[in-house]
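This report describes how the parts of one protein model are arranged. It takes up the sheets, then a pair of helices, and then the whole chain.

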Amino acid sequence: METQLDPMKDDLPLMANTSYILVKHYVLDLDVDFKSKVIEGSIVLFFETGNQYRKTSSAGKECCQSPFDETCKMRACEPCHIPMINVSACSSKMEYSDFAVSGKEEEATLEENSSHSNNEQASGISSSKDCCDIENHGNKDFQLILDCCDLSVLKVEEVDVAAVSGIEKFTRSAKLTGVSKELENLRNRIVHELVTLPADRWKEQLCYFTHCSQAPGCGELLFSTGAWSLEIRKSGIQTPADFPHAIRIWYKTKPEGKSVTWTTDQSGRPCVYTMGSPINNRALFPCQEPPIALSTWQASVRTPAGFVVLMSGENSAEPVQLQEGILSWYYYVSMPMPASTFTIAVGCWQEVKQQSFKQTAAIETSTEFSLPSSQTEFRWHEEICGHVEYPCRFQNPAARLQAVIPYRVFAPWCLMESCEEHLLQLIPQCLSAAYATLGTHPFSRLDILIVPSNFSSLGMASPHIIFLSQSVLPGGSHLCGTRLCHEIAHAWFGLAIGARDWTEEWISEGFATFLEDIFWARAQQLSHDEIKGQQELKALLRWRRLRDEVQNSEEELQVLRPKKESTGELSESGASVVKYGLKAEKVFMQVHYLKGYFLLRSLARTIGEVSYLASLRKFVIKFHGQLVLSQDFLSMLLEDIPKQKGSGLTVESIFQNWLDTSGIPK
């Protein structure tokens, strides 16, 4: 059982035992109920055991290329509405007629499982109220531990992926003797083959995930819930390699769960969205929260008619009417990301569109089709990516030339005019400026949503979607543009390149704060003197804010690397804590933004901005799709500029003066 942790303590526990078993893909199938303020449905998790995952990671360095990228050209097994399968929407060359599973057959299977027709496991089901104390029983069964909080888990079952018609292509290498143990091994082998398909078969993989997620259950699993975790086991299974590698969890969120907030938008209509909670998504779905658990996902979300679902997904979803008054929305991602980056917003959002075609054409002509000089040094510099395998935009020639990715803007009805006036025209300018600075956009499209007034920040970036506060709109183009540039910068620093240890927030926020000035200056096309004057003024204002914060906060919260030399270390199981992750004061502090910004500004002034930005681009090329620690960036920067070593600038001195101490360096 888990160590009992006080939710009111300062540190956020990450309970998932990722060293033993890793989620590779999630399939969510959810209904949003605004009357009860509950999201209900199921999630199917596909696993790979830890040692196999490490082999896959190293092998991934050899690949990472795909002819496919722009998701608007296809709809990978879309729409995905469980239990019905629309196989005609699949665009891969494989024979999808083999997958025809009727809704009646699926419903019958679910009814049988719900009535515990599989007696082998049904008798051992435990709920959050009736926990099975595995430790006290002395049972040595392997336990899968997921991060989970404020969820009502109803049932957990193994998924019979071997029952999917057409799955035989994944079983040819396996020898089946008809024994139940061999059948269990066969299911795990199928999942292994599925999660390790090469990147150029990602559409086919996504369709197989869809069909496997709709396969019948083949035995309920024992589970118990704690304050911070969901623990699952199968009787007699003692190793992660033998544990079922595809499981389905039926659950409900709770209205008080802190991963999403239920509120009304500025037009008074109901909505729900993920607002960047300190506990991330564990009160939205059971998951593995440690950053190392990189996974892909797909989701079908059903809502009443009139509501729009926006999500961190590669496709611009269009609703499908399932029945009168009910719409289904389907999104997916093929780039592995931490589960904490999953984002959803459901409301009566309206899409904001440019009224004047001439204005739009003029903006696109001036920004979209120019190859910036900063990109030319990498134009023909083909490199093998260092991340796990996925269809990567950095290996796609068309993506590398795309200065402005497709974008949409959504807002409540009452703010549409303000968005059109202040925001819409800035987006292509800011995207183009970001491309001119860092090169290839890591994500293929972007949605921007003006979120409800209870949003506690100015903005939040997630894969393929940015939340902006309404507060940026009346601030004119400067406030709106700088905030937009900050959030766009997170596509590279914070998302495409993530911190391996969440306590190193400065890797995300410090870089975004530094880069927002660079992006915004280029977006405005200012002269050299105007840029210098604007940036010096902003530096002065930030300095005063940082000085005030340092004088009025606890010293321990001013340290950018609070775990010091143990940063990035995990327990044997993979569990860890985010130091001060739940500390209330931390939510309002900006030390990671400001102190991180001044560190990067100091390095840029020491090295020279041109050389410094070239090193940033090189860092992006080398580390996109990966998790990093502070020393990864600092070591590469100083190796690029060896003359700085003679001046005493070392990784150790930067740790000592900037990252491992409180206050402001002299």
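Strand S13 and strand S16 (residues 344-347) pair in the antiparallel sense over four bridges. Strands here are DSSP runs of E with at least two residues, helices are runs of H or I with at least four residues, and both are numbered from the N terminus. Two strands count as paired if DSSP finds at least two bridges between them. Within this pair, Val-309 has Val-346 of S16 as its bridge partner, and Leu-310 has Ala-345 of S16.

This is a predicted model, in which local features need pLDDT of at least 70 and side-chain atom pairs count only at pLDDT 80 or more, while totals for chains, interfaces and linings use all residues. Residues are numbered from 1 along each chain as its sequence is written, and side-chain values use heavy atoms, with hydrogens and water left out.

S13 is covered on both faces: Val-308 and Leu-310 on one side, and Val-309 and Met-311 on the other, are all buried. Buried means under 20% relative accessible area, exposed means over 50%, and partly exposed lies in between (1.4 Å probe, protein chains only). In a regular strand the side chains alternate between the two faces of the sheet.

S13 and S16 belong to an open sheet of four strands in the order S10-S11-S16-S13, with antiparallel pairing. Strand S10 (260-264) and strand S13 (308-311) stand at the edges with a single partner strand each, so one side of each has no neighbour in the sheet. The twist from one strand to the next averages 15°. Angles run from 0 to 180 degrees between N-to-C directions, and axes are lines fitted to C-alpha atoms, for helices over the stretch in contact.

A second open sheet has eight strands in the order S6-S5-S9-S3-S2-S12-S15-S14, and its pairing is mixed. Its edges are strand S6 (217-220) and strand S14 (320-323); each has a single partner strand, so one side of each is left without a neighbour in the sheet. Neighbouring strands of this sheet are turned against each other by 25° on average, direction ignored. Inside the sheet, strand S2 (residues 21-33) runs parallel to strand S12 (residues 294-304) and is joined to S12 by seven bridges.

The bridge partners named for individual residues are as follows.

| Residue | Bridge partner |
|---|---|
| Val-309 | Val-346 in S16 |
| Leu-310 | Ala-345 in S16 |
| Asp-29 | Ser-300 in S12 |

The axes of helix H16 (residues 630-640) and helix H17 (residues 651-659) come within 10 Å and cross at roughly 130°. H16 and H17 are therefore oblique to each other, since angles under 35 degrees count as roughly parallel, over 145 as roughly antiparallel, 65 to 115 as roughly perpendicular and the rest as oblique. The contact (heavy atoms within 4.5 Å) involves Ser-630, Gln-631, Leu-634, Ser-635 and Leu-638 of H16, and Val-651, Ile-654, Phe-655 and Leu-659 of H17.

The buried residues of H17 are Val-651, Ser-653, Ile-654, Phe-655, Trp-658 and Leu-659. Their cover includes helix H12 (506-524), helix H14 (591-607) and H16.

The protein as a whole has 17 helices and 24 strands. Of its 666 residues, 58% count as buried.
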